[in-house]
Amino acid sequence: MSDAAATLQGVAAAPGARAWLFARARPTGRSGAAYALAAPAFVLMLLMLIGPLGGVVALSFTDYQLGAPSFAWIGLSNYHEMFADRVFWISLKNTLTYVGIVVPGALAFGLGVALLIQSGAGLRSWYRTVYFLPVMATLIAMAIVWEFMLHPQFGLVNGLLRAAGLQGHSWLQDRGTALYSLCAIGIWQATGFNMVLFLAGIVSIPKHLYDAAEIDGAESAWSRFRLVTWPMLGPVTLFVVAISAIRSFQVFDTVQVLTKGGPSKSSEVLIYTMYTEGFEFFRSGYGAAVTVVFLGFVLLLTLVKSALGNRGVHYA
């Protein structure tokens with residue numbers, strides 16, 4: 001018998017060796033079963049997510065036009081044209097402005113409404129339903145309602161201003177107010193969703209923390225909010241900011257229905273630029289390049305959210 005065979009025989013004869021060898025052999029079978037069970041989800045992800053994403057990236061390096069029988073590879077020409085295009089920079093600036101206004105506005109209003117509802121004694125369910133209605137409603141239908149409300153002649157907003165002795169305004173037809181009107185609609189639409197998230201976070205805060213803060217001298221509502229509620233809502237706030245930013249980058253419905261990017265490109269955003277280039281001017285390659293830039297911003301927000309979330313939340 002060779003030395004190797006003798007060693008294996010000795011190991012097999014040792015107490016617990018068979019169990020050890022069996023445990024070493026089991027992961028192979030489990031790995032095969034795990035791969036088999038994960039294969040349908042992986043194929044679905046490849047077909048529905050990774051495949052189309054790769055197709056968009058590849059399309060951005062071509063001069064393809066929608067309906068054309070052929071195309072040519074042109075490298076980075078679409079990106080060079082895009083970064084030299086004044087309309088692209090206007091739409092990017094408008095998108096960042098929209099995100100910079102809607103995200104903090106929707107966060108503040110959502111948190112404020114959640115605090116008011118949670119502090120109230122009755123009708124909480126009714127108030128939650130009312131404030132959540134804009135989230136459940138179709139945004140295109142609500143945009144049409146807002147179009148009538150902001151109408152310069154017979155709109156409700158100008159009617160209220162005139163009743164108060166103030167002059168009405170062409171909110172959606174003025175370059176100085178069109179984008180900010182869309183921001184106000186975006187805040188109104190996102191407040192209900194943020195309210196629900198903050199309500200869930202507020203309900204989960206242990207009551208004994210408020211009792212301890214009151215014993216330590218935090219008698220006012222503001223002191224309890226500053227010392228207990230706001231720090232404990234850290235993870236929820238991070239999630240709300242990330243989700244609100246991603247959803248704000250995706251604004252399209254209100255722009256398409258209310259302003260169509262006007263007047264004079266003052267309310268045009270990235271997704272609307274993608275839509276016009278790809279489906280009105282049929283420049284699919286250029287529109288794909290704009291899409292890649294848009295996806296880059298969304299990916300950056302996702303990575304920042306993941307990095308901050310992994311750090312955890314520490315309370316002093």
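## Aromatic rings in a predicted model

Tyr272 and Tyr275 both belong to helix 13 (residues 270–280), where they are three residues apart, about one turn of the helix. The structure that holds them is a predicted model, and a search of the whole of it finds 14 aromatic pairs.

One of these pairs is formed by Tyr64 and Phe71, whose ring planes stand at 90 degrees with the centres 6.3 Å apart, so the pair is edge-to-face, given that planes over 60 degrees apart count in this way. Tyr64 is partly exposed, with a relative accessible area of 22%, and Phe71 is likewise partly exposed, with a relative accessible area of 45%.

For Tyr272 and Tyr275, the ring centres are 6.1 Å apart and the planes meet at 40 degrees, so this pair is tilted. Tyr272 counts as buried because its relative accessibility is 5%, and buried means under 20%, whereas Tyr275, at 26% relative accessibility, counts as partly exposed. These two tyrosines also belong to one aromatic cluster, which they form together with Phe252 and Phe279.

A pair of aromatic rings is described by the distance of the centres and the angle of the planes. The table sets out these values for the two pairs discussed here.

| Ring pair | Distance of centres | Angle of planes | Kind |
|---|---|---|---|
| Tyr64 and Phe71 | 6.3 Å | 90 degrees | edge-to-face |
| Tyr272 and Tyr275 | 6.1 Å | 40 degrees | tilted |

Rings also take part in contacts with charged groups. The charged end of Arg247 sits over the ring of Phe193, at 4.9 Å from the ring centre, and the charged end of Arg283 sits over the ring of Tyr286, at 4.4 Å from the ring centre.

Definitions and conventions: Residues numbered from 1 in each chain as written. Predicted model: local features only at pLDDT ≥ 70, side-chain atom pairs only at ≥ 80, totals over all residues. Heavy atoms only, no water. Phe/Tyr/Trp six-rings, centres within 6.5 Å; stacked < 30°, edge-to-face > 60°. Buried < 20%, exposed > 50% of the residue type's maximum accessible area, 1.4 Å probe, protein only. Helix = DSSP H or I, 4+ residues; strand = E, 2+ residues; numbered from the N terminus. Lys NZ or Arg CZ within 6 Å of the ring centre and 35° of its normal.
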